[in-house]
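Trainee: I would like to learn how to read a structure feature by feature. Could we go through one together?

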Amino acid sequence: MSDLWPLFWESTWQTLYIVVIALVLGGIVGMVLGMALYVTRPSGLYPNRAVSVVLNVFVNFFRPIPFVILIAALQPLARLVVGIGIGNRAIIFAMTFAAAFGISRIVEQNLVTVDPGVIEAARSMGASRLRIIRTVLVPEALGPLILGYTFAFVAIVDMSAIAGVIGGGGLGNFALQYGYRQFDTVVTWTAVIMIVLIVQVVQFGGNFLARRVLRR
């Protein structure tokens, strides 16, 4: 590892950079999509069977595709959207795409747990549907949503491990290229330990924030 420390820290930064951007972009799209899934349900605030069915089919089509296959399938679209089919920009695009559909289900499932009585009480007081979403629905589900997004972060870290398939960087690619392929277990486990540390820190932070929110 003595000669690889600069590359190791660069790979650590690349992993954080790739994962955070994918989480932010995928989290925003996933929140919008998950909210749409929830509010268009038959018992939702904007019930619409046709839209609900289309959204569910759309999400269910992409969500189960293994990520390594999705990367290859999205390369033409990545070239169109980000201008290149390989490298970090392409892997961020693929990770954002995959994360959005996973997060959408997390958002929908957490919103479903909100007590319908709270929503009905807000409606009986004359609150508009948009205001209910903003001031009742999201705040009530905030604790579980934080845990859900923490889980999504861990899943995105897992996705980043195969960034090297399309020429991306990060700790996963570092471990494969300089550890596994060189039969150097020290390099491999150094990368593994850093990935575990990143996940542990984020998981601890997510649990802490969720507890604070749930105790309000």
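Trainee: How many helices and strands does the protein have?

Mentor: Helices (H or I, at least four residues) and strands (E, at least two) are DSSP runs, numbered from the N terminus. Here there are eight helices and zero strands, so the pattern along the sequence is α-α-α-α-α-α-α-α. Two notes on the source: this is a predicted model, in which local features need pLDDT of at least 70 and side-chain atom pairs count only at pLDDT 80 or more, while totals for chains, interfaces and linings use all residues. Residues are numbered from 1 along each chain as its sequence is written, and side-chain values use heavy atoms, with hydrogens and water left out.

Trainee: What are the overall dimensions, and what share of the residues is buried?

Mentor: The C-alpha atoms fill a box of roughly 65 × 40 × 25 Å, taken along the principal axes. Buried means under 20% relative accessible area, exposed means over 50%, and partly exposed is in between (1.4 Å probe, protein chains only). Of the 216 residues in the protein, 44% are buried. Accessible areas come from the Shrake-Rupley method with a 1.4 Å probe, and for residues only the protein chains shown count as cover. The accessible surface of the protein comes to about 11,900 Å², and 67% of that belongs to carbon and sulfur atoms.

Trainee: How should I read contacts, and what does S52 touch?

Mentor: Contact means heavy atoms within 4.5 Å. S52 lies in helix α2 and is buried, with a relative accessible area of 9%. Leaving aside neighbours within four places in sequence, S52 is in contact with T40 and R41. For the protein, take the contacts between residues at least 6 apart in sequence: 73% of them join residues at least 24 apart.

Trainee: Next, the aromatic rings. How many aromatic pairs are there?

Mentor: Rings of Phe, Tyr and Trp (its six-membered ring) pair if their centres lie within 6.5 Å; planes under 30 degrees apart count as stacked, over 60 as edge-to-face and the rest as tilted. By this rule the count comes to 13 aromatic pairs. One of them is F8 with W9: the ring centres are 5.0 Å apart and the planes are at 70°, so the pair is edge-to-face.

Trainee: What separates a pocket from a cavity?

Mentor: On a 1 Å grid over the protein atoms alone, a cavity is a set of points where a 1.4 Å probe fits but cannot get out, and a pocket is an open set with protein on both sides within 12 Å along at least five of seven lines; lining residues have an atom within 4 Å of a point. Grid points are joined across faces, edges and corners, and a volume is the space filled by probe spheres set on the points. The largest pocket holds about 250 Å³ of space. It has 17 lining residues, and the closest to its centre are A98, A99, G102, A155 and M159.

Trainee: Which helices supply the lining of the largest pocket, and what classes of residue are found there?

Mentor: At least two residues each come from α3 (67–82), α4 (88–112) and α6 (129–160). The largest share, six residues, comes from α4. For the classes, Ala, Val, Leu, Ile, Met, Phe, Trp, Tyr, Cys and Pro count as nonpolar, Asp, Glu, Lys and Arg as charged, and the others, Gly among them, as polar. This lining has 15 nonpolar, one polar and one charged residues.

Trainee: Which residues line the second largest pocket?

Mentor: Its lining is Y38, R41, S43, G44, L45, V112, V114, P116, I119, E120 and R123, around about 190 Å³ of space. Helix α5 (residues 116–124) gives the most, with four residues. By class there are six nonpolar, two polar and three charged residues.

Trainee: And how many cavities of 30 Å³ or more are there?

Mentor: The count comes to one. The largest cavity has about 30 Å³ of space, and α3 gives the largest share of its lining, four residues.
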